[in-house]
Amino acid sequence: MIEKHTARLAAVILAALTVATGTANAGDNNGNFMVRLEGTKVVTQEGVNSMTLNGTALTGGDASVSDPFIPAATLTYFFNKNLAVELFCCAAKVNVDAKGSIAGLGKIADTWIFPPVLTLQYHFDPVMGFKPYVGVGAEYVHYFNSKASKSVGGSVDFSDSFGLALQAGVDYQLGNGWYVNADVKKVWLDTDVTWHNTLGGANTIKANVDVDPLIISAGVGYRFNIEDVLGGRSAPAPLK
């Protein structure tokens with residue numbers, strides 16, 4: 001399963017690199033397509049809403065989720081000079097550590113996540129090369145290859161998540177279609193986590209966890225006309 005999702009992410013990044021290098025002479029600051037490659041820090045702002053052991057509340061039980069640093073790619077299509085839609089994608093492995101009354105268990109699970117974010121954006125007109133934008137959309141998180149730690153045993157499942165995403169960022173023009181970018185996304189979502197046959201017996205632990213990540217990215221982008229790559233026209237037309 002890891003190989004499947006990693007291959008998908010690698011294909012996206014490879015396609016982005018291929019497009020960027022294949023259009024090296026076709027950069028256009030008014031183009032209708034942009035590819036970005038970024039470094040991303042995911043800062044989880046988690047909180048456990050409930051945790052039970054065999055249906056009985058675990059008083060004071062809590063958990064924390066690690067904050068990974070990951071490579072990411074974005075694909076942005078511009079409908080006109082102001083409106084665009086962006087797809088952000090990456091993959092990462094995160095750890096879950098026990099806190100509160102169960103802190104002695106230490107690490108209690110790890111899982112891989114595939115968390116694409118789709119946003120509709122408004123791009124403001126440039127000011128001295130700076131082009132700020134805002135966006136609203138949604139994030140879907142798929143959890144896979146989840147494993148319970150030795151301290152709890154058994155197996156663990158994470159339910160897939162879906163939540164609202166808000167975005168703000170800025171591109172700075174370097175010329176010939178190249179940009180540097182800084183971007184922040186805030187997402188509100190939760191997941192249900194279930195440990196099966198845990199703690200040395202036929203025990204079940206269930207938890208509902210707010211993840212609510214803050215996604216902070218910085219990187220480089222390349223903007224061009226997609227028709228130039230596909231050969232759909234002989235001369236690019238700037239967006240209006």
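How many disulfides does the structure hold? The structure, which is a predicted model, holds zero disulfides.

**Cysteines**

A disulfide requires a pair of cysteine sulfur atoms within 2.5 Å. The sulfur of Cys89 has its closest cysteine sulfur in Cys90, at 6.2 Å, and is therefore too far away for a bond. Seen from Cys90, the closest cysteine sulfur is that of Cys89, again at 6.2 Å and too far for a bond.

| Residue | Relative accessibility | Class |
|---|---|---|
| Cys89 | 7% | buried |
| Cys90 | 2% | buried |
| Trp188 | 39% | partly exposed |

**Nonpolar core**

The largest nonpolar core comprises 33 residues, and the most contacts inside it are made by Val96, Ile108, Tyr143, Phe158 and Trp195. Strand β7 (residues 92-100) supplies the largest share of this core, with four residues. Leaving aside residues up to four places away in sequence, Val96 touches Ala63, Ser64, Val65, Gly106, Lys107, Ile108, Ala109 and Phe158.

Two or more residues of the nonpolar patch come from each of β9 (117-123), β10 (130-148) and β12 (161-175). Trp188 is placed in strand β13 (residues 178-188).

How values were computed. Residues are numbered from 1 along each chain as its sequence is written. This is a predicted model: local features need pLDDT of at least 70, side-chain atom pairs count only at pLDDT 80 or more; totals for chains, interfaces and linings use all residues. Side-chain values use heavy atoms; hydrogens and water are left out. Buried means under 20% relative accessible area, exposed over 50%, partly exposed in between (1.4 Å probe, protein chains only). A nonpolar core is a set of buried Ala, Val, Leu, Ile, Met, Phe, Trp, Tyr and Cys residues joined through side-chain atoms within 4.5 Å. Contact means heavy atoms within 4.5 Å.
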